[in-house]
Amino acid sequence: MLNLLLAGSMVATFAGHKAHAQITSQALREALRVAPRPGMMPHGAKLYPGSSLSGVPGFPLPSIHTQQAYDPQEAYTAKWTRADAMQIKAHSDTSVGAGQNSLPQQLVMPDVPADFPATNPDVWVWDTWTLIDKKATQFSYNGWEVIFCLTADKNAGYGFDDRHTHARIGYFYRRAGIPASRRPTNGGWIYGGHLIPEGAQEQVFAGTTYTITAEWSGSMRLLDPTSNKVSLFYTDMAFNRNAAGQDITPSQAVITQSLGQIHADFNHVWFTGFTKHTPLLRPDGVLYQNGAQNPYYNFRDPFTFEDPKHPGTNYMVFEGNTAGQRGVANCTAEDLGYRANDPHAETVDQVLATGAYYQKASIGLAIAEDSSLSKWKFLPPLISANCVNDQTERPQMYIKDGKYYIFTISHRTTYAAGVDGPDGVYGFVGNGIRSDFQPMNYGSGLMLGNPTDLNEAAGTDYDANPNQNPRAFQSYSHYVMPDGLVESFIDTVEGRRGGALSPTVKVRIRGDASMVDTRYGNNGLGGYGDIAANRADINIVGFIQDLLSQRTQFGPDVNMRMNAFLATPQ
Ligand SMILES: OC[C@H]1O[C@@](CO)(OC[C@@]2(O[C@H]3O[C@H](CO)[C@@H](O)[C@H](O)[C@H]3O)O[C@H](CO)[C@@H](O)[C@@H]2O)[C@@H](O)[C@@H]1O
């Protein structure tokens, strides 16, 4: 009711807030929603928290984002602002004690038990992705589900914290179409070994030896659903050595393509190829910060997709930072995102005085210049988080119900001074590849976070900070799959290190809101490592036609349909 009055008068005053005088019609609709109270389900939105232009007493209002679409080539970058990020704390229950979960319940990943199983005895496992096509459909191959994970060999003596410098992309497979309840507790994944063969880490370009020191995250694209050709897009951590054997660059992140083939028989899955690495993108220092500007720059985690409105046009999203010299204090009022006359707004000078300008995450965009996806050109970033957070990792474009979602993971420790949020996955929704993206859920951006009381001091070590929720770092590197299923890896639960696949959870997504589906699995937790191939695209008629005409070799497309056929009660 209060908001109705506010919207009607077009000059909102709520607990001293004065909203921007130029309220859009969308803002008017939004303002009709009732303001949620901290830690509570908002009235009128029993399931979904939704966004709200209404404020929480004592906190600033979120920024207004129109979701307006722009041409992907245009220089429009949406902002995840400080005003937005502050909604995470605004909508948390600040009355609970240290170690309690204070985040809105619908946005919290359920507790992972401390007696979780290892995914594999020989390797630590973290960032994980699936075999996808240009639309992010998840395929099985000849009766096998296949996943790709960053791995580090335990037998080589690497501890879980050594993983980043020794990361290798490994692959796992298991028979498709078996429900989680009938699999081994750890998901039953069989380790196939390293994807990039031994010895293929060195490559010579015009007298310069290019050496891959670690393989970081990316994605695997099935180039043609009727063949077995796959393209790995990943991040090389690499350095160059000249003909005299001298290192001529420090280790750099290079977004790279490597081509291979998938094979399977009745007993196992294997890969060939991945011996040649084509460097695609290095940060240019103009749109994306590079190593000369900041030794701690972030540039990695490519994910490609085809523009559904322009078939044949391919894009890549990736993790970047806003270009410019590290330490230059130049965040703007737009980065802060406060509405005019908001009494809780910070001034630019106040924010700059905190050093928040060291945090400048961005979600990058590039366009493919050839059909083999081996040449790419930078486009301006899709989203920046200047003075908000330094890392928006493993971004993915997720298209659902005509909406374009960007999901990205971030750490509590990479937030800028004065803003806070949990380790987890964040979501932004727009109406096109390039949009004025609306941060999901109360305008905050948070979609699924670890249980965290934001009053606790952030720290990565539970033992050193026993007041902290013992699950504040339980999971990370969430990847959103079709149907809102979310997989991730276990980092630390009650002080026990993970390096294993988490239980899959399900998030229901509607417009700019989402909620954890607690009816999924056991109180919201599905099977460990339950990363199933997509069985939604049932086309039994097509499958039978394929079989009869023998037009198509057994491969991913036919196989997906066969799985669906076999899984359907006859
Ligand atoms: O292994 C590299 C890939 O992992 C990703 C996403 O998981 O980057 C994660 C990142 O964070 C880890 O290190 C943090 C600092 O040591 C730690 O706080 C966090 O718990 C870890 O998950 O790894 C790099 C390198 O350490 C760091 O910059 C990231 O935040 C992905 O982006 C990489 O491709």
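## Cavities

The count comes to 8 cavities of 30 Å³ or more. A cavity is a set of points on a 1 Å grid over the protein atoms alone where a 1.4 Å probe fits but cannot get out, and lining residues have an atom within 4 Å of a point. Points are joined across faces, edges and corners, and volume is the space filled by probe spheres set on them. The model is predicted: local features need pLDDT of at least 70, side-chain atom pairs pLDDT 80 or more, while totals for chains, interfaces and linings use all residues. Numbering runs from 1 along each chain as its sequence is written, and side-chain values use heavy atoms, without hydrogens or water.

The second largest cavity holds about 90 Å³. Its lining has 14 residues, with Gln289, Gln325, Arg326, Tyr357 and Lys360 nearest the centre.

## Second largest pocket

This pocket (an open set with protein on both sides within 12 Å along at least five of seven lines) holds about 640 Å³. It is lined by 29 residues; Arg163, His164, His411, Tyr476 and Asp491 lie nearest its centre. Strand β27 (485-493) gives the most to the lining, with 3 residues. Strands (E, at least two residues) are DSSP runs, numbered from the N terminus, as are helices (H or I, at least four).

## Asparagine 120

Asparagine 120 sits in the loop between α3 (82-90) and β5. Its side chain reaches the backbone nitrogen of aspartate 122 at 2.8 Å and that of valine 123 at 3.3 Å. Asparagine 120 also touches Lys154, Phe172 and Tyr191, leaving aside residues up to four places away in sequence (contact: heavy atoms within 4.5 Å).

How values were computed
A polar contact is a pair of N or O atoms within 3.5 Å; within protein, one must be able to donate a hydrogen and the other to accept it, and residues adjacent in sequence count only if both atoms are side-chain atoms.
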